[in-house]
Amino acid sequence: MGYKNYRLTIIKGFNKGEVYPLEADEIIIGRGEENEIVLNIAEVSRTHAILTKAEEGFMIKDLGSTNGTYVDKKKIGGKYLLKPGDTVMLGEAIYMTYQADLDPEETLVTPRPEEILAPEVTVVTPKPAEVPSEPAPPTAPRKSRSKEQVLSKSQVTEEKKGKTWLWAGIGCVVVIFFLIVVGLIAFDYLNLYCTPPFDTLLNFLYTCP
């Protein structure tokens, strides 16, 4: 359904509570006396904004004002189509609400372009095919050592130990024999036969002069 009786009502700032009917096709808001809506305060520019009649209601446009024009706290630049219930701000000084009454005689109102929603399109991304992994190479069976191999190694170890002790015994005998020979030579060279107590112990083998 359509609307009728469009108006702006000041809800904050200069002339709070004042209602301005929107009846002309173009309505200029500003500080200047020549405007259709006169708001004579310093924060409002001489020609601040303009309202233009459209099929769906009124469109508002800022006229290069110093403090800017806002709709629902969003600054506007070009033309903006107002909806009943919108809050129009002239800088930070004046807050106005845009109002209208339902017109039951009006036919269906053409929806605003931004209200026409495009159908949602769901994009399904195909799942990449899974590449089968290559099977792991078979593990070579571990070779177990036979009982005969274990026994042969132990036998070799025992034989090595036996040979080691044999050579150690032979070495000891050679060293002892060498020491005896060296001792006898030294004994004879130093003529220790005639010195006590060897002269008494060895008198049966050797007679001292």
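The structure is a predicted model, in which local features need pLDDT of at least 70, side-chain atom pairs count only at pLDDT 80 or more, and totals for chains, interfaces and linings use all residues. Residues are numbered from 1 along each chain as its sequence is written, and side-chain values use heavy atoms, with hydrogens and water left out. The protein has two helices and eleven strands; helices (H or I, at least four residues) and strands (E, at least two) are DSSP runs, numbered from the N terminus. Of its 209 residues, 24% count as buried. Buried means under 20% relative accessible area, exposed over 50%, and partly exposed in between (1.4 Å probe, protein chains only).

**Overall fold**

- Along the sequence the elements run β-β-β-β-β-β-β-β-β-β-β-α-α.
- Among contacts with a separation of 6 or more, 40% are between residues 24 or more positions apart; contact means heavy atoms within 4.5 Å.

**Six-stranded sheet**

- Six strands form an open sheet in the order β2-β1-β11-β10-β7-β8, and their pairing is antiparallel. Two strands pair if DSSP finds at least two bridges between them.
- At the edges of this sheet are β2 (19-21) and β8 (74-75), each of which pairs on one side only.
- Four bridges join β10 and β11 in the antiparallel sense.
- Opposite L90 stands I94 of β11.

**Five-stranded sheet**

- Another open sheet has five strands in the order β4-β3-β5-β6-β9, with mixed pairing.
- Its edge strands are β4 and β9 (80-81), and each pairs on one side only.
- Antiparallel pairing of β3 with β5 extends over four bridges.
- I29 has A49, in β5, as its bridge partner.
- The loop between β5 and β6 contains E55, which is exposed at a relative accessible area of 75%.
- E55 and G2 are 53 residues apart along the chain, and their C-alpha atoms are separated by 9.5 Å.

**Nonpolar core**

- The largest nonpolar core has 25 residues, and L8, L22, L39, L51 and I94 have the most contacts inside it. A nonpolar core is a set of buried Ala, Val, Leu, Ile, Met, Phe, Trp, Tyr and Cys residues joined through side-chain atoms within 4.5 Å.
- Two or more residues of this core come from each of β1, β3, β5, β6 (57-62), β10 (87-90) and β11.
- β11 gives the largest share of the core, four residues.
- Beyond its neighbours within four places in sequence, L8 is in contact with residues including Y20, L22, I29, L51, V88 and M96.

**Salt bridges**

- Side chains of opposite charge can pair when their charged atoms come close.
- The model has three salt bridges, each defined as a side-chain nitrogen of Lys or Arg within 4 Å of a carboxyl oxygen of Asp or Glu.
- In the pair of D101 and R7, the closest N and O atoms are 3.3 Å apart.
- D101 is partly exposed at a relative accessible area of 29%, and R7 is partly exposed at 22%.
- E34 and R46 form a salt bridge with an N to O distance of 3.5 Å.
- K83 and D86 form a salt bridge with an N to O distance of 3.7 Å. K83 is partly exposed, with a relative accessible area of 28%, whereas D86 is buried at 4%.

**Surface**

- The protein exposes about 16200 Å², of which carbon and sulfur atoms supply 60%. Accessible areas come from the Shrake-Rupley method with a 1.4 Å probe, and for residues only the protein chains shown count as cover.
- L166, W167, I170 and V174 make up a nonpolar surface patch that has about 440 Å² of accessible area together. Patches are made of residues with over 30% relative accessible area and no salt bridge, with like charges joined within 9 Å and nonpolar side chains (Val, Leu, Ile, Met, Phe, Trp, Tyr) within 5 Å.
- V174, one of the patch residues, is in helix α1 (residues 147-189).
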